[in-house]
Amino acid sequence: MSAAEEVVAEGHEAVEAVPKRAMTLGTGTSLVVLAALIIAPVFVKNFIIFQMTMLLIYGLAVLALNILTGGSGQFSLGQSAFYAVGAYTTAVLMEHFNVNYALTLPIAGVVCFGFGFLFGQPALRLSGVYLALATFALATAMPQLLKLNFLEHWTGGVQGLVVTKPDAPFGLKMSQDMWLYYFTLVVTIAIYIFAVNLLRSRSGRAFMAIRDNEIAASAMGVDVALYKTLAFGVSAAITGIAGSLGAIAVQFVAPDSYTITLAISLFLGMVVGGVGWLPGSIVGAAFIIFVPNIAEGISKGLSGAVFGVLLFLVIYLVPHGARQVAILGQQLAGKLRKN
Amino acid sequence: MTQAQLAQGTSPLLAVRDVSVVFGGIVALNGISFDMHKGQILGLIGPNGAGKTTLFNCLSRLYQPSSGDILMEGASILRRPPHRIAEIGIGRTFQNVALFPNLSVMDNVRVGTHARTSSDIISDSLRLAWVRRSETDMNRKVHEILSYLDLEDVAHTTVSGLPFGTQKRVELARALAADPKILLLDEPAGGLNHEEVYVLGDLIRRIRDERHMTVLLVEHHMGLVMSIADHVVALNFGKKLAEGTPSQVQADPDVIKAYLGSKDQ
């Protein structure tokens, strides 16, 4: 156990409920982050607002993986498939059936929950690296499935579908980008709160019990198969909603936007953010969105290599990701207060 | 003792009926039968490889007997999957401690209540009023068990950092949280020092008396079994060697030959 984890475990003798900060931020910090997220768009250009929207969207997708891996201990390299299903559900509903964009989100969530839950059934027989391989196959198959001829009428085949960006409602005077940002922010906060509630509940404890010891969990009455598939379902549902939002923000869906590269990016985001620490999801998302750009700024020709070096540095310096940084920061603040 | 004797006349709480387990040609258990009565502490003894753990795993449904039946309050448990054993009142601890290492002591015990509570992921995500109420009730119960086993001080500590003896008590707390009628203890004295073993013996007796439980004790430590068990079943090579009170079993020539004689206790 690392020093960081020990701090997480020990700092809460007086707290009654589940040591909340083990997976969330304190109330004060949360409010500061929230305020920053609400105010920031007022001062920046539309392109930056768009990037912030994508940050929230990827943050949701990383959060979803965090529930699956950090919560129930199951690996997935197939998150891009769930993201794609969510994105296409929204695109098809909006463009072929004229469904309101906001309504497509819960539909995508339900569709992806079903998809994830069903995929979880065969995955039950696999664990660890084998499960990672099975989900990898799902990720590689998805773009090809979306290109299938008989689906072309709905999916637009290789061409994909163009999605109309919604205007701000109620005659609000704000740009489409800004409206979509605030819309995404509300959805993200709601899902974040649901996720925290879930992990702190009886179901969440069942997930974590399975992660730590399946046989003991089963002896305590936890239906291991059910909760493992539920974790897949929940994770897929949230990823699907992120995919929906992504489709609306980017205004376009195409099979090759949702390759294994996306799944690996999300995995990377989870590791950089700290596995099992929910607020880290947004940090991980920032890493996978902005660090490739930074790498390109350093060297155009070798951006991939520079990215690799930066990634190595992060993993070498803070193996537990953003969570570790947060804990070190807390310790430092504590020391300064004492002096 | 008296409690157990009173119960002798009534039907058994748990009945093991002619249970055999065969692993690809090797007979691990051969026609084992015995009864457990309410309020009893039953000690299951035998040398290494006698089949104690195999029998134990049949009771917690990790193994399927090749023949025979196991009845809990008259109903067979053999068609139940492992996760539906806790709900009929069979709780267990594990030989080498099987806690959830990354969870706090309190969360470990909370998982113990899983079989006695209900919820669904939607209500849990929304933290509905009934979910909050059930969590409050559960927390009260968990605190009661923690203070009963003197674990309040470490309630919020992650279990992987605790000493082995404390982890064993956490495991006991987790099993108690499911309100079992029968507590299956798999070598609870393993890894404990001399003094800790006697404290444990007292604790097991106290749990039986104060919390009205029936205990099946699978144990290597003869001193512990002989001092707290009301009834002892001795196994060797998958067969029942002897059964009776501790003194009867201790005096049984077969048992002495197979087990006690080979040990200098």
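Two strands count as a pair here if DSSP finds at least two bridges between them. In this predicted model, strand β1 (residues 14–23) of chain B meets that mark with strand β2 (residues 26–36) of chain B: 7 bridges join them, and the pairing is antiparallel. To find your place in this pair, look for V16(B), which stands opposite F34(B) in β2(B). The hairpin that β1(B) and β2(B) form has 2 residues between its strands, and G24(B) there takes a positive phi, near 40 degrees.

Strand β1(B) has another partner to look at, strand β4 (residues 67–72) of chain B, with which it runs antiparallel over 5 bridges. A handy landmark for this pairing is L14(B), whose bridge partner in β4(B) is M72(B).

## Chain B: the six-stranded sheet

Chain B also holds an open sheet of 6 strands. Reading across it, the order is β6-β7-β8-β3-β9-β10, and the pairing is mixed. At the edges stand β6 (90–92) and β10 (239–244) of chain B; each has a single partner strand, so one side of each is left without a neighbour in the sheet. On average, and with direction ignored, neighbouring strands of this sheet are turned by 20 degrees against each other.

Within the sheet, strand β3 (residues 41–45) of chain B pairs with strand β9 (residues 231–236) of chain B in the parallel sense, over 4 bridges. One spot to check in this pair is L44(B), which has V233(B) as its bridge partner in β9(B). Helix α2 (residues 52–59) of chain B packs on the sheet, where it touches β3, β6, β7 (182–186), β8 (214–218) and β9 of chain B. The direction of α2(B) makes about 145 degrees with that of β7(B).

## Chain B as a whole

Stepping back, chain B has 10 helices and 10 strands in its secondary structure. Its radius of gyration is 19 Å, close to the 18 Å that the globule rule gives for 265 residues, so chain B is as compact as a globular protein of that length. The C-alpha trace of chain B spans about 60 × 40 × 40 Å along its principal axes.

Of the 265 residues of chain B, 46% count as buried. If you take the contacts in chain B between residues at least 6 apart in sequence, 69% of them join residues at least 24 apart.

## Chain A and its helix α4

Helix α4 (residues 79–97) of chain A is worth a look. Its 19 residues reach 26 Å from the first C-alpha to the last, close to the 27 Å expected at 1.5 Å a residue. This helix, α4(A), is mostly covered, with 16 of its 19 residues buried.

## Where the chains meet

Between the two chains, 35 residues of chain B are in contact with 32 residues of chain A. On the chain B side, the elements that give two or more residues are α3 (105–112) and α4 (121–126) of chain B. Sorted by class, this side has 14 nonpolar, 14 polar and 7 charged residues.

Note on methods. Residues are numbered from 1 along each chain as its sequence is written. Chains are lettered from A and ligands numbered from 1 in the order in which they are written. This is a predicted model: local features need pLDDT of at least 70, side-chain atom pairs count only at pLDDT 80 or more; totals for chains, interfaces and linings use all residues. The radius of gyration is taken over C-alpha atoms; the globule rule is 2.2 Å times the number of residues to the power 0.38. A residue is buried if 20 or more other C-beta atoms lie within 10 Å of its own, exposed if 12 or fewer, and partly exposed in between; C-beta atoms are placed from the backbone. Two residues are in contact if their C-beta atoms, placed from the backbone, lie within 7 Å. Axes are lines fitted to C-alpha atoms, for helices over the stretch in contact, and angles run from 0 to 180 degrees between N-to-C directions. The expected span of a helix is 1.5 Å times one less than its number of residues. Ala, Val, Leu, Ile, Met, Phe, Trp, Tyr, Cys and Pro count as nonpolar, Asp, Glu, Lys and Arg as charged, and the others, Gly among them, as polar.
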